Amino acid sequence: MASTFAQLLVTQLRDLGVERIYGVVGDSLNPVVDAVRTTEGIEWIHVRNEEAGAFAAGAEARLTGKLAVCAGSCGPGNTHLIQGLFDAHRDGAPVLAIASHIPSEKIGTGFFQETHPETLFRECSHFCEMVNSGSHGVSMLHIAVQTAIAKQGVSVLVLPGDVADQEVDGPLTRDLATDLGRVQPAPEPVGRLAELIDEADTVTLFTGAGVRDAREEVLELADRIKSPIGHAFGGKEFMQYDNPFDVGMSGLLGYGACYEAMHEADLVILLGTDFPYNEFLPGEERNAPKIVQIDAEAARLGRRVPLDLALHGDVGLTLQAVMPLLTREKSARFLHRQLKAHHKALTGVVSAYTKNVERMTPIHPEFVAATLDDLADEDAVFTVDTGMCNVWGARYITPQPKRRLFGSWHHGSMANALPQAIGASLAFPERQVISMSGDGGLGMLMGELLTVKLHDLNTKILVFNNSSLGMVKLEMLVEGLPDHGTDHEDVDYAAIAQAVGLGAVRITDPKKLKKQLAEALATPGPMLIDVVTDPDALSMPPKISAQQIRGFATASTKIVLGGGVGKMLDMAAANLRNMPR
């Protein structure tokens, strides 16, 4: 029986397990929206900006591992998608974007709202093609969906509105491969890996998101070779909890002894990580350790630092293959030394702001994050805004087996946390979902508060309200520049939330923080928690270069000479306890 391509598209997506499409209705997208209206088992999720819809779809895909879908109308509607699609694509989330287009006969004429989406989305997708007819769309839909699933990223289907209305025959019956296999490593490089491990007196493992399904194998190897385990932010939620070999995180957000453990080892093994900051990795310096990288995506091997061994394979399968080949027993002295250094670092740095802070106002953001960590559910989903919220999430939210913690790890977009929380709440309405939002990020996509209200989501939006772009301020300081344009007038976000019908509370007294936060988290339905925090609480990376120190000192001098001595003293007082001794 004939139906429109739009109806076929929506029906097929529903049959593949897609439960919702995120977007804004209108124009060339109307045939698809109407098909959703008449199809049971799939719903339209109205957002206020298509960017938020793409972020939400990416979050749903990351949490469920299944295909998620967003859509945008022609011209500005689908160009709004691009920020969230870049984020989903770079984080390996299987997302299908329906980018509707102007009438096909008008393409190339400079028509109203004309863009070229098949060119625009190339950089943030594995597949991006335009549907030329209804029958052509049947093949294109299959390829788009299979590519998004197989390559774990974004596919874009460009769909002129008139083509969406064309009639096609029958449903799409082609089978899809949704249960993906794992990459088995070749025997020769596995044998070389065993040799390198046996030759080394000391080994450090550095893990990323690619260890998600290999946690037990990583722990078994660490125990076998007495190795400390560090992680990038992507590996934190999978490796930090119940890990007796944990030495923390490296990078700009890092803490603990991870940096030292990597640089002092004879051999560093990078497991499922595409950690981009090579200045924090061992390199070509004198007495640098040998480096091995294991990844299921071969294109990532060696693109950050030179490798002594590049090993293509699933992390879990590779470690299973190498462990029977190891012959040498190793001393635990190196591991114990790094664990001791890690404990000292945590005692002196990570916990500094969370002790004796009940009388300090404005409230220290570290105190807020630590309190949130204590109060949140064991299976809570945390979405984290880019900026200083990344630091508080990295340092104070404790992973647990059922918790999830993620943000815009690779794209680094502002305003990601709230729309990602929307996707998480829709995918898992029974779980506690907490958006750790900066006031800068919330302000950028604040219209999505209306989305939370419209769909009555059980989303808790915790705003670290410091009236400042804190990470940008730190960037300016380490570059030797006085911060400019980073501080803004105070905004009462709780009042704004209440005005649109959301539950809200504004917290300004640190003595009341725990009680008010607990009550807000326990309140059913949407809730905005506006916590006024210290704008001078800035994070220092675990390893500070001479150039960064010079920059910070230069900026301090410029601020003092400009009459801002009080501001600089406040900042120094707020960060003194966090400086490495």
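Helix α10 passes helix α13 in a left-handed crossing, meaning that the near helix is turned anticlockwise from the far one by less than a right angle. The contact (heavy atoms within 4.5 Å) is made by Glu217, Val218 and Leu221 of α10 together with Val315, Gly316, Leu319 and Gln320 of α13. This is a predicted model, in which local features need pLDDT of at least 70 and side-chain atom pairs count only at pLDDT 80 or more, while totals for chains, interfaces and linings use all residues. Residues are numbered from 1 along each chain as its sequence is written, and side-chain values use heavy atoms, leaving out hydrogens and water. Helices (H or I, at least four residues) and strands (E, at least two) are DSSP runs, numbered from the N terminus.

Turning to helix α9 (residues 187-199), its buried residues (under 20% relative accessible area, with exposed over 50%, partly exposed in between, 1.4 Å probe, protein chains only) are Val190, Leu193, Ala194, Leu196, Ile197 and Asp198. Both α10 and α13 are among the elements that cover these residues.

Arg506 forms a salt bridge with Asp530, the closest N and O atoms being 2.7 Å apart. Because Arg506 lies in strand β20 and Asp530 in strand β21, the pair ties together parts that are 24 residues apart in sequence. Asp530 is buried, at 0% relative accessible area, whereas Arg506 is partly exposed at 25%.

How values were computed. A salt bridge is a side-chain nitrogen of Lys or Arg within 4 Å of a carboxyl oxygen of Asp or Glu.
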